[in-house]
Each structure stands twice: as structure tokens, then as C-alpha cells.
Amino acid sequence: LFLSNKNRTVLQIGYTDNLKRRITQHASGNGAYLQKYNAIELVYFECFNEKKVAKKRELQLKNWRKDWKWDLVKEKNPDLKILEI
């Protein structure tokens with residue numbers, strides 16, 4: 001999952017086995033990263049059947065350059081709208 005702030009200046013990457021729960025956790029503002037950057041809006045996600053594969057993809061994406069990450073998001077969500085789950 002990719003979360004961003006309202007100004008789309010931050011892109012936070014993570015993985016979860018329960019997308020709805022994870023979004024709720026982020027929206028509650030728990031954690032130093034969230035308090036500092038307010039990255040609570042879902043702008044992109046991918047689905048996987050296995051946690052191991054999802055974790056591997058997360059690590060891969062975290063090593064990407066920032067512009068590559070934004071290009072990936074914009075490919076599926078060109079207007080960077082908040083996605084509903």
C-alpha cells in the first residue's frame with residue numbers, strides 16, 4: 001500500500017494482511033512517522049495471495065527511486081485521488 005499526505009509530498013510504503021484495518025490505524029495518527037508527515041490517504045495498493053510475496057514487493061519498492069514510485073502510482077491513479085476500500 002502507498003499512503004500520501006493531502007499535498008502529495010510524501011509517499012509511505014507498507015504491506016498488510018488487512019487493508020481496511022491498516023488504513024484505520026493510520027487515520028488514528030498512531031506513530032511518529034504519521035504524526036510528522038500525516039500520510040493517511042491511500043493512493044495505490046497491490047493485492048497478493050502470500051505474505052512472503054507481499055513483503056518482498058514492499059522491500060523492492062522501498063529501494064526504488066522516489067520518481068519511480070510516483071510513476072507507478074500515477075500509472076493506476078493519474079489524478080492521485082484517495083482510493084476507497
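1. Two strands pair if DSSP finds at least two bridges between them. Keep that in mind for the sheet here, where 3 strands line up in the order S2-S1-S3, as an open sheet with antiparallel pairing. S2 and S3 stand at the edges with a single partner strand each, so one side of each has no neighbour in the sheet. From one strand to the next, the twist averages 40°; axes are lines fitted to C-alpha atoms (for helices, over the stretch in contact), and angles run from 0 to 180 degrees between N-to-C directions. As for the names, helices (H or I, at least four residues) and strands (E, at least two) are DSSP runs, numbered from the N terminus.

2. Before going on, some ground rules. This is a predicted model, where local features need pLDDT of at least 70 and side-chain atom pairs count only at pLDDT 80 or more, while totals for chains, interfaces and linings use all residues. Residues are numbered from 1 along each chain as its sequence is written, and side-chain values use heavy atoms, with hydrogens and water left out.

3. Back to the sheet. S1 and S2 are joined by 3 bridges in the antiparallel sense. Across from Ile13 in S2 you'll find Phe2.

4. Now have a look at H4. Its buried residues are Lys69, Trp70, Leu72 and Val73, where buried means under 20% relative accessible area, exposed over 50%, and partly exposed in between (1.4 Å probe, protein chains only). Those residues cover an arc of only 155° around the axis, which puts them on the same side of H4; the arc is that of the directions from the helix axis to the C-beta atoms. What do the buried residues of H4 pack against? They pack against S1, S2, S3 and H3.

5. Asn77 counts as buried because its relative accessible area is 7%. Its contacts, leaving aside neighbours within four places in sequence, are Val43 and Leu83; contact means heavy atoms within 4.5 Å.

6. On to charges. Side chains of opposite charge can pair when their charged atoms come close. A salt bridge here is a side-chain nitrogen of Lys or Arg within 4 Å of a carboxyl oxygen of Asp or Glu, and the count by this rule comes to 7. Asp17, Arg21 and Lys51 are linked in a network of them. In the Arg21 to Asp17 bridge, the closest N and O atoms are 3.0 Å apart; for Asp17 and Lys51 the figure is 3.4 Å. Asp17 sits in the loop between S2 and helix H1 (19-27) and Lys51 in helix H3 (residues 51-62), so this pair ties together parts that are 34 residues apart in sequence.

7. Another salt bridge is Arg65 with Asp67, with closest N and O atoms 3.2 Å apart. Asp67 is partly exposed, at 36% relative accessibility.

8. Finally, two backbone spots to check. Arg8, in the loop between strand S1 (2-4) and strand S2 (11-13), has a phi near 60°, positive in a residue other than glycine. Asn38, in the loop between helix H2 (32-37) and strand S3 (41-44), also has a positive phi, near 55°. Arg8 counts as buried at 18% relative accessibility, while Asn38 is partly exposed at 44%.
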